[in-house]
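I am keeping these notes while I go through a structure on the screen, one item at a time. Each entry says what I looked up and what I found.

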Amino acid sequence: MKKLWIPLTYSIFLILIIVPLARILTGAWSDGWNGFANALSRPEALHALLMTGLITIVVTIINTLFGVMLSLYLVRAEWLPEKLKQLLNSVLDLPFAVSPVIGGLMIVLLLGPNTALGALLNDVGISIVYAFPGMVIATLFVTFPMMVREIMPVLQEIGTSQEEAASTLGAYSWYTFWQVTWPAIRWGVIYGVVLTVARCLGEFGAVLVVSGNIINKTQTATTLVYQDVENFNVTAANGVALVLAAVSVGLLLLMEWAKKRKEVH
Amino acid sequence: MNFMFRSRWWSFGFRSTVMLYFLLLVVIPIIGIYTQSFSLGWKPFYESVSDPLAWKAVLLTVKLAFIAAVINILIGTMIGWTLNRYKFAGRRLLNSLVDLPFALPTAVGGLMILLLLGPNSFVGNIADKLGFQIVFHEPAIVVAMIFVTFPFVIRAVQPLLEEMDKSEEEAAYTMGASKTKTFLQIIFPSMLPGVLSGGMLAFSRALAEFGAVVLVAGNIPGKTLIASVFIYGEIESDNSQGAAAVSIILLTFSFIILWIVSRVQARRSSK
């Protein structure tokens, strides 16, 4: 049996993962170095990569801060009734079940130019949908559970005894957090950050709906790939896709490393 | 005293901010979409849902996502098993590659499939000569769904295989059971919860998939238009009520699946 399963596993990986990756690599070079360089040095490509980078930074920071606090509350807080905690816990996973397009639609429905809130904000001069803030909100929505789902199990596992000991000994809560809790959850947080970054870079459906995909304004790297393919400009799409794929592979290596460190603790 | 008072206010502020954020970002939008789809009353809701194009898109999505989930269950169970039970060169590399479809942007995944199977590609040409088409037809959608949901079953099966008590398996062998019989009667039942919950997660993810599919599906209404692309089209043509109506069918479906999975997992952890 062993003789059969191992080659079969290898061939599935080869067909499903390795060959497609290699194809992106060769596809980007099909017009030589110049084709690749031209694809990336287009102003819209540079702008799209910049947008993706900015969204990733903003979303990762917000998601990390709120993710850490929310998981602390959901695991530790005594001011939340147990039933409510369970309810919040299951609501937390909903963004995973929502199609990204629907996620985007929700934001357009609530904050779009035709809604009361959207019109109000528009009068003040803030546009959310078809602009940067909307794209950030959409990405926050899709990445919301990632950080919390990484930290909560760690918090549950370490228990409260060390933290209680620290506060009985008179440590302030901030001090307890940094000295006792943080070292324990650190690798979980790093792993969550890597997952969040990967999802931010790759987010497509929600951002496409919310951004309107306006070239040189709200276009991100993934929506640029989409537009290039729609315009039959496959080599250009390949160039941008290669950059994204390379970053993803890098993040995957980082994930492996963080996972190993996490297991040590 | 003054310090305590201040710190209490601080923590109260933190708590309310975090909970408000949670409420505004996740709960309100979901409530919003349900109310929006009924915003014009029952009749328009019924009309948008009973539109044949909408129905066909939802049915097609369910059908293809189901096929993709079944294929994923088969190959996922096999790969999870092979990666955990056999030692061979490159095992660790393969194990880390499992997560690649999660890390890779879905639009890039779609582009990959388009390049590999599309017109002018090696596989595309062969299929063309044999008289069937892949890209812009159903097979490509299934391939895209399999690709993006590839890690689910494997990652759900692996921890179960690791936890498994080897003594039962060994006992079965000692008592003279064949390998196949041991697998079917001892090993497979303990893998089953992982296979099922992984398969259901893969199914719900495949239902929701947009990025990879939109590039390879061709999106011909009534034929290769799946639900999420249909919703996107409705949004683009400014019919937000129709988009919301189809969305909540898809959403309700996913929520039920998610609920079942969490029940299965809760039962396992309480054992």
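**Entry 1: a serine in a loop**

Which backbone oxygen does the side chain of S99(A) reach? I looked this up in what is a predicted model, and found that the side chain of S99(A) comes to 2.8 Å from the backbone oxygen of A208(B). I then placed the residue along its chain, and S99(A) turned out to sit in the loop between α5 (94–97) and α6 (100–111) of chain A. Leaving aside residues up to four places away in sequence, S99(A) touches A208(B) and S228(B).

**Entry 2: chain A as a whole**

I stepped back to see what chain A is built from, and its secondary structure comes to 13 helices and 0 strands. The C-alpha trace of chain A spans about 65 × 65 × 30 Å along its principal axes. Chain A has 265 residues, of which 54% count as buried. When I considered contacts in chain A between residues at least 6 apart in sequence, 73% of them joined residues at least 24 apart.

How confident is the predictor, and where in chain A is the mean pLDDT lowest? The average pLDDT of chain A is 87, and 97% of the residues score at least 70. Among the elements of chain A, helix α9 (residues 161–168) has the lowest mean pLDDT, 75, while helix α3 (residues 43–76) has the highest, 93.

**Entry 3: the contact of the two chains**

How many residues does each chain bring to the contact? I found 69 residues from chain B and 69 residues from chain A. Chain B and chain A bury about 6,500 Å² between them, and 85% of that area is on carbon and sulfur atoms. On the side of chain B, the residues that lose the most area to chain A are Y21(B), F22(B) and L115(B), which together make up 10% of what that side buries.

I then counted the polar side of the contact, and there are 6 residue pairs in polar contact between chain B and chain A. Helix α1 (residues 2–37) of chain B gives the largest share of the side of chain B that touches chain A, namely 17 residues. By class, that side of chain B has 51 nonpolar, 13 polar and 5 charged residues.

**Entry 4: salt bridges**

Over all chains the count is 11 salt bridges, and across the interface of chain B and chain A there is 1. I looked up K259(A), which forms a salt bridge with D99(B), with the closest N and O atoms 3.6 Å apart. Why does this pair join two chains? K259(A) lies in helix α13 of chain A and D99(B) in the loop between α4 (91–97) and α5 (100–103) of chain B, so the bridge runs from one chain to the other. D99(B) is buried, with a relative accessible area of 8%.

K259(A) also meets E256(A) in a salt bridge, at 3.5 Å from N to O. Both K259(A) and E256(A) belong to helix α13 (residues 234–264) of chain A, where they are 3 residues apart, about one turn of the helix.

In chain B I noted a further pair, K43(B) and E47(B), whose side chains meet in a salt bridge at 3.4 Å, N to O. They are 4 residues apart in helix α2 (residues 42–50) of chain B, again about one turn of the helix. K43(B) counts as exposed at 60% relative accessibility, whereas E47(B) counts as partly exposed at 46%. Tracing shared partners, I found that salt bridges join E256(A), K259(A), D99(B) and R155(B) into one network.

**Entry 5: a buried threonine**

My last item was T222(A), which is in helix α12 (residues 221–230) of chain A. T222(A) is buried, with a relative accessible area of 0%. Not counting residues up to four places away in sequence, T222(A) touches residues of chain A, including L201(A), F204(A) and L244(A), and also P105(B) and A107(B).

How values were computed: Residues numbered from 1 in each chain as written. Chains lettered and ligands numbered in written order. Predicted model: local features only at pLDDT ≥ 70, side-chain atom pairs only at ≥ 80, totals over all residues. Heavy atoms only, no water. pLDDT = per-residue confidence, 0-100. Salt bridge = Lys/Arg side-chain N within 4 Å of Asp/Glu carboxyl O. Buried < 20%, exposed > 50% of the residue type's maximum accessible area, 1.4 Å probe, protein only. Contact = heavy atoms within 4.5 Å. Buried area = accessible area lost by both parts, 1.4 Å probe. Polar contact = N/O pair within 3.5 Å; in protein donor to acceptor, adjacent residues only side chain to side chain. Nonpolar A, V, L, I, M, F, W, Y, C, P; charged D, E, K, R; others polar.
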